[in-house]
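Work through the exercises below with the sequence and the model side by side. Try each task before you read its solution.

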Amino acid sequence: MIKNKTVLFIFILATLVSYAGIIEAQRTSEIAPIDSNGPVTYFIAEGSEQSHYKKSDHELAMWALRAWEKNSGGSIQLIPGSETTALLRVYWVPASPGQYGEMWPLFVDGQRGAGVFIRPNIDALGEELAQRARLDPLFRDTIIYLTCLHELGHALGLAHTADYSDIMYSFGFGGDIPTFFERYREQLKSRQDIQKIPGLSASDISRLQSLYNTD
Ligand SMILES: [Zn+2]
């Protein structure tokens, strides 16, 4: 009987935690910089059809990685690596209602890295975003790109902010979610513009640089 109560308690707790994390799974608590003494290896996985991944999403993750690299003040240099040894790993996973992505720390031979998990199924992010994404492929790509950028920001050691202009802003602070994506989408004339427009605020960049430029 006690055992059953314990199981029930854990179930209720897990349910509460899962609702609390409806915007983003709260596994970003262990946020810290990754090891960047040498070049940082990255790996971008192929996604499954079940996750609603598109082949072109690989490029969006790549551009998000490059955006952080370019704005790191030279302190982060990215090079491709294998799945088992890369410090930064990007995966595409099936929808979990209301969740965009999440980040898990990982360690490779004692070096700190991170895995980010992106959920490219926009239909699971609410009808308003889903409808806009269906009508406008660049709006869909905006959501995937900015989600990659945000989760990679966590992977690199950046925590949430309460400033709506930051990519590290948490929707947990409120604010209009469609507008958050729309303001980036409005800057794009073509898909190629995504690699030219990083989507980082001055504060995102200075926070990154102060984490890595410690000399
Ligand atoms: Zn986050």
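**Exercise 1.** At what angle do the axes of helix α3 (residues 127-135) and α4 cross, and within what distance do they come?

*Solution.* Before starting, note that this is a predicted model, in which local features need pLDDT of at least 70 and side-chain atom pairs count only at pLDDT 80 or more, while totals for chains, interfaces and linings use all residues. Residues are numbered from 1 along each chain as its sequence is written.

Step 1: find the helices, which are DSSP runs of H or I with at least four residues, just as strands are runs of E with at least two, numbered from the N terminus. Step 2: take the axes, which are lines fitted to C-alpha atoms, for helices over the stretch in contact, with angles from 0 to 180 degrees between N-to-C directions. The axes of α3 and α4 come within 5 Å and cross at roughly 125°. Step 3: classify the angle; under 35 degrees counts as roughly parallel, over 145 as roughly antiparallel, 65 to 115 as roughly perpendicular and the rest as oblique, and α3 and α4 are therefore oblique to each other.

Step 2: list the residues in contact (C-beta atoms, placed from the backbone, within 7 Å). On α3 these are Leu129, Arg132 and Ala133, and on α4 they are Phe139, Arg140 and Ile143.

**Exercise 2.** Describe how α2 and α4 pack.

*Solution.* The axes of α2 and α4 lie 9 Å apart, at an angle of about 45°, and the two helices are therefore oblique to each other. Among the residues that make this contact are Leu60, Trp63 and Trp68 of α2, together with Ile144, Tyr145 and Leu152 of α4.

**Exercise 3.** In what order do the five strands of the open sheet lie, and which strands are at the edges?

*Solution.* Step 1: two strands pair if DSSP finds at least two bridges between them. The order is β2-β1-β3-β5-β4, with mixed pairing. Step 2: β2 (78-80) and β4 (101-108) each pair on one side only, and are the edge strands. The twist from one strand to the next averages 25°.

Conventions. Contact = placed C-beta atoms within 7 Å.
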